[in-house]
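Here is a short tour of one structure, written for someone who likes to look at the side chains while reading. Please keep the viewer open as you go.

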Amino acid sequence: SALDINNGKRVWRTNIHREDEDDVVIGGGIAYSAGKIYASNGLNELVVLNPLTGEILRRDALPAPVRAAPTIVDGRVFVTTLDNKLLALSAEDGTVLWEYLGISESAGLVGAASPAANRDIVIPVFSSGEVNAVRAANGSVAWSDNISNIRQYGGLVTISDIKALPVIDKGLVIAISFAGRIVAIDERTGTRIWQREISGAQTPWVAGNHIFVVSTDHKLVALGRESG
């Protein structure tokens, strides 16, 4: 739905769920760029809408369901599918420009994390605990890391999934996993600057020289950006 910013009244409402799909869908998200809304509906497609009228302009078929919002930079739409694949699509016509396949993982949390991106690099995170830096132009790998917990305790802590969105901030990539680790990685080289044993499923918030995270045991933690 689109609401009037002044009075909250509904301007238009569009259902992007397919008419031939009866199953309940969990997840999805929206992004806006260059006068268009891009929405993942939890199924294997990306829907493009007119933000003024809600008219569906096109539906781009995807190879697997997408539960996270797309990320759009410089005319490219980046989406992460449930089978741990990153796709780069043309924002203009939905053409697949390139794809990157991560390590498959059978267990994960409900939902998914959108990739972080700038003009040079895309940072997808996957349910396997992978954090990768992929070049935006062609999908080649700049570096790769994994922040899953190497100590297997059993239960939920064995889930390596990264549900929180990664963050790119002034040359640092910050990511936190459900398995119990938050890291700061040099964006250019892939070198870990610091790491701490903190588990989380919420996106870290960077404010000046501080990083704020909410841990899975319901604590608000403030970390120094430079040293952790």
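Ser1, Trp12, Thr14, Ile16, Ile30, Ile37, Ala39 and Leu49 line the second largest pocket of this predicted model. The volume of that pocket is about 170 Å³.

Now to the overall build. The chain contains 21 strands and zero helices. It has 228 residues, and 47% of them count as buried. If you take the contacts between residues at least 6 apart in sequence, 42% join residues at least 24 apart.

Let us turn to the aromatic rings.

| Pair | Centre to centre | Angle between planes | Arrangement |
|---|---|---|---|
| Phenylalanine 78 and tryptophan 98 | 6.0 Å | 45 degrees | tilted |
| Tyrosine 100 and phenylalanine 126 | 6.4 Å | 25 degrees | stacked |

Phenylalanine 78 sits in strand 8 (residues 76-81) and tryptophan 98 in strand 10 (residues 96-101), so this pair links distant parts of the chain, 20 residues apart. Phenylalanine 78 is buried, at a relative accessible area of 1%, and tryptophan 98 is buried too, at 8%.

What does the pair of tyrosine 100 and phenylalanine 126 tie together? Tyrosine 100 belongs to strand 10, while phenylalanine 126 lies in the loop between strand 12 (121-123) and strand 13 (130-135), so the pair connects parts that are 26 residues apart in sequence. Tyrosine 100 counts as buried because its relative accessibility is 14%, which is under the 20% cut-off. Phenylalanine 126 is buried as well, with a relative accessible area of 1%.

Which residues have the most contacts inside the largest nonpolar core? They are Ile123, Val131, Trp143, Ile147, Val173 and Ile185, in a core of 14 residues. At least two residues of this core come from each of strand 12, strand 13, strand 16 (172-177) and strand 17 (181-186).

Leaving aside residues up to four places away in sequence, valine 173 touches Ile123, Val131, Trp143, Val167, Ile168, Val183, Ala184, Ile185 and Glu187. Among these partners, Ile123, Val131, Trp143 and Ile185 are also named with valine 173 as residues with the most contacts inside the core.

Technical notes:
Residues are numbered from 1 along each chain as its sequence is written. This is a predicted model: local features need pLDDT of at least 70, side-chain atom pairs count only at pLDDT 80 or more; totals for chains, interfaces and linings use all residues. Side-chain values use heavy atoms; hydrogens and water are left out. On a 1 Å grid over the protein atoms alone, a cavity is a set of points where a 1.4 Å probe fits but cannot get out, and a pocket is an open set with protein on both sides within 12 Å along at least five of seven lines; lining residues have an atom within 4 Å of a point. Grid points are joined across faces, edges and corners, and a volume is the space filled by probe spheres set on the points. Rings of Phe, Tyr and Trp (its six-membered ring) pair if their centres lie within 6.5 Å; planes under 30 degrees apart count as stacked, over 60 as edge-to-face and the rest as tilted. Helices (H or I, at least four residues) and strands (E, at least two) are DSSP runs, numbered from the N terminus. Buried means under 20% relative accessible area, exposed over 50%, partly exposed in between (1.4 Å probe, protein chains only). A nonpolar core is a set of buried Ala, Val, Leu, Ile, Met, Phe, Trp, Tyr and Cys residues joined through side-chain atoms within 4.5 Å. Contact means heavy atoms within 4.5 Å.
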